[in-house]
Structure formats: structure tokens, C-alpha cells
Amino acid sequence: MMNINSVPFSYYGSYMSIFKHDGKLWIQSLHGKSKGNMDSIEILVTHNGSPVPFKVVENYTLLELVSDFGKVRICFNTAQKIVFYSTDGLGVRFTSHPKFNFEYNFHLGKKEAPYYIVNSYKNLTKYLVYTTNCSSHLSQSLTVDTTGSNKTANNSSFIDIFPKGDNSSTIAVVQDIPTNMQKPDNEKLDFSLIEKIAKQNFDRFAQQFQLVQPSYKNIQLDAIYTLWSATVFPEGNLEFASIYASNNKFPGVWSWDHCFMALALAGVDNQLAWDQMKVVFHHQDKAGQLPGSVSDSTIRWNFSKPPIHAYIFAKMAQKMTFTDTQLFEIHYWISKQVDFYLNYKDSNEDGICEYDHGNDSGQDNSTVFAQNTVVDSPDLSAYLIFAMDYLIKLSKQLNLPEQMEYWAKKKTILVAKFKSYFFDENNLPSAREMFTGKKIESQGLLPLISLVASKDLNQQEIEAITKNIKQHFITKFGIATEALDSPLYQDDAYWRGPIWGPSSVIMYEALKDAGEVKLAQQIAHSFCKTVKTYGFAENFNAKTGVGLRDKSFSWTASAFLYFANELHL
């Protein structure tokens with residue numbers, strides 16, 4: 001079951017989550033400009049005007065804050081509104097900890113019907129705080145630096161909502177209003193109905209997924225909840241419903257994370273799967289580059305993640321049927337993307353595209369990039385070869401003979417250079433320094449992802465890659481990202497050892513396509529067992545399986561759901 005110390009409590013479409021860390025319970029903003037400013041409002045339980053200790057009891061659609069004096073129940077009414085309810089004479093305090101002098105809470109409304117606006121400038125939103133219950137009382141406490149300085153100051157600001165009588169109920173509403181101002185709705189809130197509807201909405205989403213074995217049922221529901229709760233509605237730069245990388249520390253859509261969410265949803269919720277791909281391609285620029293990440297408030301162009309998108313579309317097509325309109329869109333997007341690499345990511349014009357930085361590869365600090373040099377990495381060429389092959393197939397299917405001929409010629413040229421440049425006498429691919437062509441001594445997994453182009457590799461090359469993987473990367477917890485016997489291996493160093501969801505899915509599919517089905521399934525089974533034990537961490541210690549970093553990562557949940565479906569768990 002979910003653990004609010006690891007997985008934030010949220011709701012489909014919402015830009016709010018509730019998360020406990022450092023001993024405090026916070027409403028967090030998912031308006032994703034900066035993950036360092038997500039904490040918006042601290043939640044406290046009060047009795048007779050003073051905060052009291054409480055513990056959190058959680059499930060997928062309801063939180064209970066249990067104190068010695070009773071409990072406060074919390075549920076999302078809509079994606080924009082969180083409702084707090086108590087019948088035990090308890091109150092709720094919302095403390096905003098203003099960082100700047102202009103962030104304090106504004107007391108508004110009529111004298112007999114006050115409400116408050118929490119101006120949370122640091123995380124790009126405002127919150128409307130009010131009650132719909134005439135037996136609840138609202139008050140404000142405010143201390144603001146009066147010098148007029150715009151610099152940070154030691155300000156305090158909180159709002160109390162508490163019952164007028166000992167036996168009265170308390171209803172408090174916190175509403176996200178990132179753009180225009182709002183006034184409270186004159187609505188009567190039935191908390192039991194709100195709770196019922198929230199549960200029905202989650203259950204409806206969960207029922208789309210294929211049931212797994214009883215021993216995996218709980219972790220499957222956790223995975224489904226991770227995706228459901230990390231989904232935000234269209235807002236700002238996001239034109240479609242989007243699943244964030246994490247609503248804990250990574251509020252946004254990174255331009256390869258989204259591929260794994262789409263793959264897990266293909267054949268389950270085809271529209272949501274399609275939206276995950278389109279939300280990033282919507283921002284493809286005229287040169288064909290995809291942004292590195294997109295959120296409602298920010299688009300980052302500094303890096304462009306690896307061009308795995310044709311690979312993912314091809315795998316999605318095995319689970320769902322694209323319309324002709326969608327196929328034309330895919331053909332257009334991938335054509336532009338591949339042309340971008342050919343035109344702009346081959347700076348020395350030798351016919352081999354390069355990564356300027358590890359972040360462009362997705363495996364940010366792989367040992368391939370240890371020397372901080374521009375790198376010709378074989379996985380990039382392999383992705384492009386696969387993409388060209390996919391474009392040939394699409395061109396044939398869509399009756400585009402000129403495009404079919406164009407990409408066939410491009411592919412023939414690239415395959416020849418790919419094999420002659422990257423593969424050594426042992427039939428293994430290695431990355432090279434772009435300027436010198438010198439082989440980079442690395443035992444990272446990244447070059448072995450060349451296996452995605454297995455259709456254009458010979459049997460000796462496939463066997464050499466497979467043997468290397470078996471001997472150096474496989475543990476009982478999955479597939480490591482750095483050889484276990486490498487001098488640069490580290491248990492917790494991002495892509496220098498740990499097991500990741502995306503690399504596991506990519507290698508699973510690549511091995512399966514290469515005919516190495518048994519090894520592919522071994523990797524998938526190991527990954528699922530690791531997740532069952534350690535949850536949806538960003539990555540996992542390859543030697544112990546322990547989950548590392550962010551503990552509520554959507555692509556980890558997506559990888560599990562995809563494998564569970566593939567393996568018929």
C-alpha cells in the first residue's frame with residue numbers, strides 16, 4: 001500500500017500533492033518551474049487553538065490525520081480542490097512560511113464570510129482557502145517585515161479553520177488557482193460523497209489494467225496509483241494530459257521519460273498513451289529538436305534526450321492500432337527528428353552523430369562521458385538506424401514511395417559507417433571521442449544499447465553483446481548500468497551502476513528482438529521482483545536491490561506495469 005513518506009498523495013489531473021518529509025506534512029505545488037520550491041503550505045492539526053501531534057493513515061484516495069483527540073480526513077473533491085473534514089472538534093492550520101514579503105496570505109471577503117488567498121509566488125501559484133460550513137471559524141495570524149524590503153525575510157503567516165463549538169464539524173477547502181483569481185463556491189460539501197466519487201474515479205482507471213497474480217496485486221495498484229496521481233491536466237505549455245516524471249521531486253515531462261509512460265498505457269488507455277507522446281512532440285521546433293523537458297510553466301532546450309521515440313512508437317504499435325492520421329503525424333515527427341540529428345548533431349560532418357553531453361544520452365553521467373568530451377556513442381547511431389527503418393515501413397504503409405527511397409538510402413549509408421566505426425575486433429561496440437575517433441575505455445551499458453539495431457547486426461555481434469551483458473551486467477535484481485567488475489562502478493552514482501526502469505525496458509525489447517528471449521525475460525522478472533520489494537524508486541542498487549533517490553518515479557512504475565503485462569504476471 002502507498003506510503004506518504006515515499007509517494008505523494010494526489011489526484012488525477014491535479015497540480016497539488018500532499019507529501020510528508022522532514023517530519024512535516026506539506027501541500028506541494030506541481031507547477032513545475034523549480035523542484036526546490038515545491039513545498040507550499042504546511043498542514044497542522046489543532047485542538048483548542050494549538051497544534052497537536054498526529055500520524056498519517058493513507059490509502060489511494062483518502063488521508064486521515066489521527067491525533068489523540070480525533071482525526072482530520074482529507075480527500076480531493078476535484079483536481080483543483082482538497083477538502084479537509086473533522087467531526088471531532090479538531091481544527092486545521094495552514095502555514096505558508098512566506099519566503100518574500102509579498103507572499104503573505106491576503107484576508108478577503110465579507111466580514112461574515114471571510115476567505116484567504118495564499119500568494120505562493122515561489123512556486124508559481126495561489127491558493128484559495130475557505131470553509132463552506134457555517135459552524136467553522138476562520139482566522140489569520142500574520143507577521144510581515146514592515147521595512148518594505150523585497151528581499152527574503154523571517155515572515156510568518158498561517159490560517160486557522162476550527163469549529164465554533166466543541167461538537168461542531170470542520171470543513172476546510174484549499175483550491176489551486178494558478179492564473180485568475182477565484183471566490184469561494186457557495187456549495188454544500190458532502191464528504192462521504194466526495195470520498196466515494198474519488199474512490200470510484202481511481203478504481204475506474206485501475207480497472208483498465210490487466211490483473212496480475214495475487215502476489216503482485218498490491219504493487220500493481222501502487223504502480224497504477226503512481227501514474228494516476230502524477231497525471232496533470234492541460235495547463236500552460238502542456239496541451240494534453242501529462243504524466244509527470246514524479247510529483248515528488250521532478251514535476252515535469254522529460255523527453256524520454258514520457259515514452260515509457262506511453263508504452264505502459266498502450267493497449268490500456270490508448271488516448272492517454274498517445275497524449276504522452278504528443279505532449280512533447282507538440283513543442284518540436286522547426287529544426288526537428290525536441291525540448292529536454294516541458295512543464296506547465298517551463299520549457300528547457302539545453303539538452304535533447306536520446307531519439308528513442310521511433311523505437312517506442314514501434315513497440316506501442318504492437319499493443320494498439322494507430323489511425324492513419326496518427327501514422328502521418330508520427331512519420332512527420334520522426335522524419336524531422338532524424339533530420340535534426342543528421343543536420344545539427346554531426347558537427348564534424350563525418351556521418352556519425354554525437355552527444356554533446358551525457359544529458360543528451362539520457363544516461364547523464366555514464367562512464368562513456370567521464371572525460372567530458374563530445375562523444376560518438378554507438379547507441380545514438382543505433383536509435384537512428386532503427387528510426388530510419390521505421391520510417392521506411394511507415395512510408396510503405398502510407399504510400400509515400402519517395403520517402404521510402406530517401407530513408408532507405410540514408411539507412412544504408414549509416415549502417416555501413418556504424419559497423420565499421422564502432423565495432424572492434426571482438427565484435428563489441430565502443431564509444432569514441434568525436435574529434436580524434438579514439439576509443440573510450442568504458443564499461444558502461446550505454447554502448448551495448450546498440451542492440452536496438454539488431455536487425456542490422458550479424459550473429460557474431462549479437463552474441464558478443466549478449467555474452468558481455470550476461471558476464472558483467474546481470475544481477476538477481478536486474479541489469480546494471482555499469483559492469484559490476486568495473487573500477488568505476490558505484491552502488492549509488494546514477495548511471496554508473498544502478499538499475500533503472502528505462503534501460504531495463506530498452507534492453508528487454510532489444511534482447512527479445514535479437515532472439516535472446518530467455519535473457520530478456522530474466523531481466524524483466526528480476527526487475528519486477530525488485531520493485532515488489534523496494535517500490536518505485538528512481539533507480540536501484542544493482543547489488544542489493546535497495547531503492548535509491550526519488551521513491552515515486554513514474555517511469556519505474558511504468559516499466560513494472562509493462563513487464564507485468566508482457567510476462568502475464
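Which residues have the most contacts inside the largest nonpolar core? In this predicted model, they are Ile18, Ile27, Phe84, Phe313, Met316, Ile469 and Phe560, within a core of 189 residues. Helix H8 (residues 378–397) contributes the largest share of this core, with twelve residues. In soluble globular proteins, nonpolar side chains tend to be buried together. The surroundings of Ile27 illustrate the packing at one of these positions: with neighbours within four places in sequence left aside, Ile27 is in contact with Met16, Ser17, Ile18, Met38, Asp39, Ser40, Ile41, Ile43, Ile82, Phe84, Tyr127 and Val174.

The overall dimensions of the chain were examined next. The chain has 569 residues and a radius of gyration of 26 Å, which agrees with the value near 25 Å that a compact globule would have. Along the principal axes, the C-alpha atoms fill a box of roughly 80 × 50 × 50 Å. The secondary structure comprises 13 helices and 26 strands. Of the 569 residues, 60% count as buried. Among contacts with a separation of 6 or more, 65% are between residues 24 or more positions apart. The accessible surface amounts to about 22,700 Å², and carbon and sulfur atoms account for 49% of it.

Helix H5 (residues 309–316) is mostly covered, with eight of its eight residues buried. These are His309, Ala310, Tyr311, Ile312, Phe313, Ala314, Lys315 and Met316.

Helix H1 (residues 191–206) has 16 residues and spans 23 Å from its first C-alpha to its last, close to the 22 Å expected at 1.5 Å a residue. Its buried residues are Phe191, Ile194, Ala198, Phe202, Phe205 and Ala206. Viewed down the axis of H1, these buried residues fall within an arc of 105°, so they line one face of the helix. An α-helix has 3.6 residues a turn, so residues three or four places apart point the same way. Cover for the buried residues of H1 includes strand S7 (70–78) and strand S8 (81–86), as well as helix H2 (217–229), helix H3 (257–265) and helix H4 (270–281).

In helix H9 (residues 401–422), the 22 residues reach 31 Å from the first C-alpha to the last, close to the 32 Å expected at 1.5 Å a residue. Trp407, Lys411, Leu414, Val415, Phe418, Tyr421 and Phe422 are buried in H9. Seen down the helix axis, the buried residues of H9 lie within an arc of 145°, so they line one face. The face turned away from this buried side carries the exposed residues Pro401, Glu402, Lys409, Thr412 and Ser420. Elements covering the buried residues of H9 include H6, S21, H8 and strand S22 (432–433).

Lys411 of H9 counts as buried because its relative accessibility is 10%, under the 20% limit. With residues up to four places away in sequence not counted, Lys411 touches Ile385, Met388, Asp389, Ile392 and Asp456. Lys411 and Phe473 are 62 residues apart in sequence, and their C-alpha atoms lie 30 Å apart in space.

The loop between helix H7 (358–361) and strand S21 (375–376) contains Ser366. Ser366 is buried, with a relative accessible area of 0%. Beyond residues up to four places away in sequence, Ser366 touches Leu446, Trp495 and Arg496. Asn372 also lies in the loop between H7 and S21, but this residue is exposed, with a relative accessible area of 72%.

Backbone angles were considered last. Most residues other than glycine have a negative phi, and most peptide bonds are trans. Asn372, however, has a positive phi near 55°. Arg549 likewise has a positive phi, of about 65°, although it is not a glycine. Arg549 is placed in the loop between strand S26 (547–548) and helix H13 (554–567), where it counts as partly exposed at 36% relative accessibility.

Key:
Residues numbered from 1 in each chain as written. Predicted model: local features only at pLDDT ≥ 70, side-chain atom pairs only at ≥ 80, totals over all residues. Heavy atoms only, no water. Helix = DSSP H or I, 4+ residues; strand = E, 2+ residues; numbered from the N terminus. Expected span 1.5 Å × (residues − 1). Buried < 20%, exposed > 50% of the residue type's maximum accessible area, 1.4 Å probe, protein only. Arc of directions from axis to C-beta. Contact = heavy atoms within 4.5 Å. Core = buried A, V, L, I, M, F, W, Y, C linked by side-chain atoms within 4.5 Å. Rg over C-alpha atoms; globule rule 2.2 N^0.38 Å. Areas by Shrake-Rupley, 256 points an atom, 1.4 Å probe, with all protein chains shown as cover.
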